[in-house]
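User: I am new to this structure and would like to be taken through it slowly. Could we work by questions and answers?

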Amino acid sequence: MAKKIMAKRKSIPDATKLKLWIKSAGRCEFKGCNTPVWYNGLTLSEGNFAEVAHIIGSSKDGPRGTDQSEELQLNFCNLMLLCQQCHKEIDDHPEKYPLELLRTWKQEHENRIEIQTSYPEDIHKSTLLLFSVNIGDRTVPINVEAVRNAMFPKFPTDQQGIKIEEKDFDRLGTPEHWQTFAENKIKRKVSRYLEEGVDDVKVKHISLFGIGSMPLLMYLGRCIGDTVPTDIYQSHRNIENTSKTWSWQEETSVELPYSISCEQESESGIVFLKLAISDTIGCDKYQNLVSSNCSIYQITVHEPSPHFLKSKRQLEIFSYEYRKLLNEIQAKHGKSCKIYILPAVPVSIAVECGRVILPTKDPEIYACEYYSDKGEFQTVLKVN
C-alpha cells in the first residue's frame, strides 16, 4: 500500500510575523482575551509567548482545513496572533469557532488598534468615574468589560480613575442623613479630584457610570457640573450580551419623544416637577407632599418604561427640554421659588438633571425618593 505523503508546512516569513505583531499590538486576538503575549503574566518574564494561528487551517486535514489550506498558509489575512490557551481553544473546538467568526475577531481587534494609535493621545483618553451606592440591601456591581466596551474608542486615562462606592447607605435615614452622606462622600471627593486631578494629572474628560438612588445621582451630576466634558452612560437591562450592557444602542429616529405639561398652577413659590420616564407617577404617590397652593409640572413620554432610554440622542434631547423647563419655571415663579423633583428616570437622566443646574441662576432644587413600601415620595435631599 502506498504511503500518503504529507505536504510540508511552509515557514511563515519573518516580515509577515512582524506585521502580525504590529497590527495586533502584541496582544491575543481572541475576542475578550487581549492578553499581552510578550511576557508571562504569572512570572512577568519577558519572551515570545505568542502562537500564530491559521483561520483556514494550515493543512486540509487540520482544524478548519479546506482545499485552500496550502494556498493560504502564508497569507497575512489568514493569520491570527493568539496566546497558547486561545490557540488550543479554537483548534480543539473548530465547530464553535467558524471561519467568518475568527475573521471578524481579527478585523475588529486590528481596527481597534489602528484607531487607538492613529490619533493624538488625549483625544481618546477619559477619566473613568464609577459611582455605586446600594439601594436598600441590593448592591449591583459594574461590569468593567462592559464599561470599556461602552467607552470605546476612548480609553481610561489610568488604572485608578474616580471611584465612589458605598454598600451600607441607609436610604431610610432622615434628610439630614442623606445630606451628610452627599456632602461627605460625593461632594468632597469629586471636588478634590476636579481640583487636584488623578495622580496630579488634571481631569480633562469624564466617562461616568453610575448605579444608585436617583437623588444621589442628581447630586453627583450637580457636583460635576458642565465645567468638565462628560459622557454619561446608561445600563440597559434587556441586553443579552453582558459585555454590552453599558453601550449606547442605535440612534432612534424619534426627534421629540418628550411631552411637557403643567398639571396645576399656583402663584406660590412651591413647584413640583414630575419626571415620568421609567414609570408613570400617579397623584397617589405624591399627594402627601402637595397642596392646592402649589404648581405641578411634568416631563413624560408616550409609554414610560425602564427600557425607554436607548440612545445618547434621547439623553441629549431630554437635557435640552429639562433645561428649558427650568428656565420657564424660574421666569414664572421667580428665583426664590423651590423646586421639588419627583423622579422616575433612568440613571443617566438623573445625573444629567443635576449636571445642567446652573450654580448662580437656578432656585433651590430638592430631590425626592420613592418608597414602595409606603407607596409615596419623600423629600430627602437638597441638590443645590
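Analyst: What follows is a set of questions and answers on a predicted model.

User: Which residues have the most contacts inside the largest nonpolar core?

Analyst: The largest nonpolar core of this predicted model has 72 residues, and helix α6, which spans residues 214–224, gives the largest share of this core with 8 residues. Apart from this core lies another one of 20 residues, which includes I12, V52, F76 and C83. Within the core of 72 residues, those with the most contacts are L216 and Y258.

User: At what angle do helix α7 and helix α8 pack?

Analyst: Two packed helices are described by the angle between their axes and the distance between the axes. Helix α7 covers residues 312–333 and helix α8 residues 347–355, and their axes lie 10 Å apart. Here α7 passes α8 in a right-handed crossing, and the two helices pack at an angle of about 35°.

User: How do the residues of the contact of α7 with α8 divide into nonpolar, polar and charged?

Analyst: From α7 come L315, F318, S319 and Y322, which meet S348, I349, E352 and C353 of α8. Sorted by kind, the residues of this contact are 5 nonpolar, 2 polar and 1 charged.

User: How many of the residues of α8 are buried?

Analyst: The buried residues of α8 are V347, S348, I349, A350, V351, E352, C353, G354 and R355. They pack against α7 and α6, and also against the strands β6, β7 (230–232) and β9 (270–276). Helix α8 is therefore mostly covered, since buried means under 20% relative accessible area, and the count is 9 of its 9 residues.

User: Is H205 buried or exposed?

Analyst: H205 sits in the loop between α5 (175–196) and β6 (206–211), where its contacts include K125, S126, T127 and K154. A polar contact of 3.4 Å joins the side chain of H205 to that of D231. Because its relative accessibility is 13%, H205 counts as buried.

User: What is the relative accessible area of S278?

Analyst: S278 lies in the loop between β9 and β10 (295–300). Leaving aside neighbours within four places in sequence, S278 is in contact with P304, S305, P306, A344, V345 and P346. S278 is buried, and its relative accessible area is 15%.

Methods: Residues numbered from 1 in each chain as written. Predicted model: local features only at pLDDT ≥ 70, side-chain atom pairs only at ≥ 80, totals over all residues. Heavy atoms only, no water. Core = buried A, V, L, I, M, F, W, Y, C linked by side-chain atoms within 4.5 Å. Buried < 20%, exposed > 50% of the residue type's maximum accessible area, 1.4 Å probe, protein only. Helix = DSSP H or I, 4+ residues; strand = E, 2+ residues; numbered from the N terminus. Axes fitted to C-alpha atoms, helices over the stretch in contact; angles between N-to-C directions. Left-handed = near helix turned anticlockwise from the far one by under 90°. Contact = heavy atoms within 4.5 Å. Nonpolar A, V, L, I, M, F, W, Y, C, P; charged D, E, K, R; others polar. Polar contact = N/O pair within 3.5 Å; in protein donor to acceptor, adjacent residues only side chain to side chain.
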